[in-house]
Amino acid sequence: MTILAKIKRNWFLIGIVLVITLAKLDPDIGIKGGPLRPEITVKFIAVSVIFFNSGLSLKTEELASALLQVRLHCFVQGFTLMLVPCLVQLLVNILEYSSISPWLLKGLLVVGCMPPPVSSAVILTKAVGGNEAAAIFNSAFGSFLGIVITPVLLLLFLGSSSSVPFMSIFGQLSMTVVVPLVIGQIVRGFAKERITRANIPFGSISSAILLVIIYTTFCDTFSNKDAAIDTFSLLSTVLIVFMVQVVLLSLTFYVSSRPWMSFQPADTVAIMFCATHKSLTLGIPMLKIVFMGHAHLSLISVPLLIYHPTQILLGGCLVPVVKNWMLNAQKQRSNRSTRQHITI
């Protein structure tokens, strides 16, 4: 792979580093009241465009084939939106006795409260050859659930650190998240064929807008001299995020592959990625709304910014390993079924 191809493939990760660097060099550009006017362009326009874009790209018509796998869906959504937040809360309770920045620990709780992403879990499930329909359903359904459940979890585990009332938060979420998403789906219903032919890069558009949100978030941080982060806390967070993902992947694999769960090997693949991945695209805009004006918002965002590339890199490394396991498990099931048929 050439250098140019590597840059093109990893442009978003490079973009995150670049916008954080630019924010460090001149934070006044992206702060509230600065030239970019993030209190308008980000708070309302950028967030709304991201979710309108999600509504346009969400292929709800493809979910019908997976709709009846209720037990699998309950497992994924229950694991990612109920069990994971509780497990992360227990971990944070232990880490509070360490010297890690309390704002990064709050960021770990934020990661636990996030819904599954729309794309990465589906891409990895497809690469392995797992149950892609189930992955699409749970990514889409989890995103819809996340619009309501994630803000509730954030307020439950962290509390609102701004002066914005509870109902005001949900009012803004409705106007900048739910309404654009629904409008996007309506537009898609009328122009589905035209959108498909146009081959619009929805993922790249959302990622580019997300870089603007990340930039303004870190401009606020670097303009606040009290929001510095020490090296130990940062490195510890990277290690903790990696270990959390390894534990969650191992746990979902072990439980979902047990015979008494009755899941197919292809189902286990979808469960592993959908139940452990967390959405950056939904997460950052929601944090911007729930914790708008918070002096340490970008520090709270750091674990999620680390979790996103880590889940992609770790998942990519696991693709050949998980694929080999799935093919062997399917072969064993086929041989066992054949022997039982011959015996009968």
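**Cavities, a helix and a patch**

Tutor: Start with the second largest cavity: H13 gives the most to its lining, with four residues. Keep in mind that this is a predicted model.

Student: Which elements each supply at least two residues of that lining?
Tutor: H10, helix H11 (265–276) and helix H13 (297–343).

Student: And which residues line the second largest cavity?
Tutor: Gln245, Leu249, Phe273, Thr276, His277, Tyr307, Gln311, Leu314 and Gly315. By class, that lining has four nonpolar, five polar and no charged residues. The volume is about 30 Å³.

Student: What lines the largest cavity?
Tutor: Val84, Val88, Leu108, Val111, Gly112, Val241, Val244, Leu248 and Tyr307. Helix H4 (70–95), helix H5 (102–113) and helix H10 (231–256) give two or more residues each. The lining has eight nonpolar residues, one polar and no charged.

Student: Switching topic. Why is helix H12 described as largely enclosed?
Tutor: Because 10 of the 11 residues of H12 (residues 280–290) are buried. Among them are Leu280, Pro285, Lys288 and Val290.

Student: Now the outside. Which residues form a nonpolar patch on the surface?
Tutor: Ile40, Phe44, Ile45 and Val49. Together they have about 350 Å² of accessible area.

Student: Where does Phe44 sit?
Tutor: In helix H3 (residues 38–57). Phe44 has a relative accessible area of 40%, so it counts as partly exposed.

Methods: Residues numbered from 1 in each chain as written. Predicted model: local features only at pLDDT ≥ 70, side-chain atom pairs only at ≥ 80, totals over all residues. Heavy atoms only, no water. Patch = residues over 30% accessible without salt bridge, like charges linked within 9 Å, V, L, I, M, F, W, Y side chains within 5 Å. Areas by Shrake-Rupley, 256 points an atom, 1.4 Å probe, with all protein chains shown as cover. Salt bridge = Lys/Arg side-chain N within 4 Å of Asp/Glu carboxyl O. Buried < 20%, exposed > 50% of the residue type's maximum accessible area, 1.4 Å probe, protein only. 1 Å grid on protein atoms, 1.4 Å probe; cavity = no way out; pocket = protein on both sides within 12 Å on 5 of 7 lines; lining within 4 Å. Nonpolar A, V, L, I, M, F, W, Y, C, P; charged D, E, K, R; others polar. Points joined across faces, edges and corners; volume = space filled by probe spheres on them.
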